[in-house]
Amino acid sequence: MQRQIFTEEHDAFRRTVRTFLDKEVLPYYEQWEQDGIVARDAWLAAGRQGLLGLAVPEEYGGGGNDDFRYSAVLAEEFTRAGVPGLALGLHNDIIGPYLTSLATDEQKRRWLPGFCSGETITAIAMTEPGAGSDLQAIRTTAEDKGDHWLLNGSKTFISNGILADLVIVVAKTSAEGGAKGLSLIVVERGAEGFERGRNLDKIGQKSQDTAELFFHDVRVPKENLLGERDGAFLHLMTNLAQERMGIAVAGIAAAEHLLEITTRYVKEREAFGRPLAKLQHIRFEIAEMATECAVTRTFLDRCIVDHSEGTLDAVHASMAKWWATELQKRVADRCLQLHGGYGYMAEYRVARAFTDGRIQTIYGGTTEIMKEIIGRSLLA
């Protein structure tokens, strides 16, 4: 079906993204996968190309455009290229809104120019060894010492954890913690007592550095409180819809691309003296996946437009996230099966997509959490 949500400006931006990927990412990506980390030069190149801080006001070096369709284009093209390691979506769509909506003027002047140029790589640290989706269980503390915060605790599974120059840490600032006692504390590279653990060895997205972070009596300036004291829970809930939309957009784009790859493969690959595409079972598999992708795409495009207009609610973002990522997982599994033994070979795109995409139903809120959000809204 013809997509109708993009203008000529969005199409021009898509061409820019593709040129950037061809020149600055694809020639180096295999090396980054082996290294387990993306070169900082790629972030600087993204900044020069105007791919960072799309929604950041122009006065700080950003694009000054909060139309989410540009973020959707970026997510789609990075997904189709198979390069999730360079986490521009995390930087732009997850962390960016915290800085643009919560930072003071002084904080914006300090942090946003580097955010947009690629000189300041960002991360957000929520997850702990004993606290994933349950924010009530967060144990990291930030104690008010008058002229500074004293930060203690640890975080894990932090994307951009090794490269990050600026980390937004979710910490308890009152004894009760949870919904009424969490705050966002910004820790900058070089802070005494801030240590990075190992770059975690994942089954996919090898070049996306994911780390453990440790905070031992870290003195953080009082002016590095982001947003309201004890207001982190509301801040986090406000921004989760966009995070989940970014993941959903990548999910449907991955499913569609895998379907394209597999459709070509079954036309060319022969078994029993004829192309696989001549077998009824294969045709039915392709037909089912194509239909699921088409239906999902229609819903996702509506969600993209709604979010661009500021009308998408948390429930529909949760629907988009769980449905698109579960579809991605099913399609990746079925497409790998249709590739046979070749699908299990790392040199084939379908193999890497299978492992790279598996995290999609987990981070940003698991499928189970998404269903709980939807169910509560309907049965409250």
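Reply: A residue is called buried under 20% relative accessible area, exposed over 50% and partly exposed in between, with a 1.4 Å probe and protein chains only. Asp230 is accordingly partly exposed, because its relative accessible area is 26%. The model is a predicted one, in which local features need pLDDT of at least 70 and side-chain atom pairs count only at pLDDT 80 or more, while totals for chains, interfaces and linings use all residues. Residues are numbered from 1 along each chain as its sequence is written, and side-chain values use heavy atoms, with hydrogens and water left out.

The part to examine is helix α4, residues 68-81, where helices (H or I, at least four residues) and strands (E, at least two) are DSSP runs numbered from the N terminus. Its axis lies 10 Å from that of helix α5, residues 88-102, at an angle of about 160°; axes are lines fitted to C-alpha atoms, for helices over the stretch in contact, and angles run from 0 to 180 degrees between N-to-C directions. That angle makes α4 roughly antiparallel to α5, since angles over 145 degrees count as roughly antiparallel, under 35 as roughly parallel, 65 to 115 as roughly perpendicular and the rest as oblique. The crossing of α4 with α5 is left-handed, meaning that the near helix is turned anticlockwise from the far one by less than a right angle, whereas clockwise would be right-handed. In contact (heavy atoms within 4.5 Å) are Phe68, Ser71, Leu74 and Phe78 from α4 with Leu88, Asn92 and Asp93 from α5. By class, four of these residues are nonpolar, two polar and one charged, with Ala, Val, Leu, Ile, Met, Phe, Trp, Tyr, Cys and Pro taken as nonpolar, Asp, Glu, Lys and Arg as charged, and the others, Gly among them, as polar.

Helix α4 also meets helix α1, residues 8-25, whose axis comes within 10 Å of that of α4 and crosses it at roughly 35°, in a right-handed sense. From α1, Glu9, His10, Phe13, Arg14, Val17, Arg18, Phe20 and Leu21 take part, and they face Arg69, Tyr70, Val73, Leu74, Glu76, Glu77, Phe78 and Ala81 of α4. Nine nonpolar, one polar and six charged residues form this contact. Leu74 and Phe78 of α4 are listed both in the contact with α5 and in the contact with α1.

As for the setting, the protein chain holds 11 helices and 10 strands, and 52% of its 380 residues are buried. Of the contacts with a separation of 6 or more, 74% join residues 24 or more positions apart. The C-alpha atoms fill a box of roughly 80 × 50 × 40 Å along the principal axes.

Some residues elsewhere deserve a note. Most residues other than glycine have a negative phi. Asp230, in the loop between β8 (225-226) and α7 (232-268), has instead a positive phi near 65°. Phe157, in strand β3 (residues 148-159), likewise has a positive phi, of about 60°, and is exposed, with a relative accessible area of 58%. Thr366, in the loop between α10 (349-356) and α11 (367-379), counts as buried at 19% relative accessibility and touches Ser133 and Thr361, residues up to four places away in sequence being left out.
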